[in-house]
Amino acid sequence: MAYDDMEVVMYKILRYLYDQLKAGRRAEPKMIRAEGDLFVINERYWKWILSEMKAHDWIRGITVVQNGKGDFYVDKLENIEITMDGAFFLKDDKYMKEVCEELTGIRRS
């Protein structure tokens, strides 16, 4: 699995947001930007991933707008949070479990 695979990027975002929620802290935008602290990917790909995550109700608080040309605009990144659906997806989805195992070397039940 490559560092920039969609599942890996989604896992890192959701894991970070979940950990911040549990700690009672707000997410720092610098952590989850396209060229942030968690990963470095191209801007369009990053916007597409965030758009899909929001559409699936795994994250909230941001604004994602797609223009008629297929380009995305992301705003209010400082308000991003994981949703309950996002937390369950992080813990229960088979792909998320695979990513976790690969990144940490720990098998989860």
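Reply: Setting aside neighbours within four places in sequence, Ser-51 is in contact with Val-64 and Phe-72; contact means heavy atoms within 4.5 Å. This is a predicted model, in which local features need pLDDT of at least 70, side-chain atom pairs count only at pLDDT 80 or more, and totals for chains, interfaces and linings use all residues. Residues are numbered from 1 along each chain as its sequence is written, and side-chain values use heavy atoms, with hydrogens and water left out.

Me: Why is Ser-51 called buried?

Reply: Ser-51 has a relative accessible area of 14%. Buried means under 20%, exposed over 50%, and partly exposed in between (1.4 Å probe, protein chains only); Ser-51 is therefore buried.

Me: What makes the pair of Trp-58 and Phe-89 stacked?

Reply: Rings of Phe, Tyr and Trp (its six-membered ring) pair if their centres lie within 6.5 Å; planes under 30 degrees apart count as stacked, over 60 as edge-to-face and the rest as tilted. Here the centres are 3.8 Å apart and the planes at 10 degrees, so the pair is stacked. The structure holds one aromatic pair.

Me: Why does Trp-58 count as buried, and why does Phe-89?

Reply: The relative accessibility of Trp-58 is 13%, so Trp-58 counts as buried. Phe-89, with a relative accessible area of 15%, is therefore buried.

Me: How do you know that strands β2 and β3 pair?

Reply: Two strands pair if DSSP finds at least two bridges between them. Four bridges join β2 (residues 63-66) to β3, and the strands run antiparallel. Gln-66 stands opposite Phe-72 in β3.

Definitions and conventions:
Helices (H or I, at least four residues) and strands (E, at least two) are DSSP runs, numbered from the N terminus.
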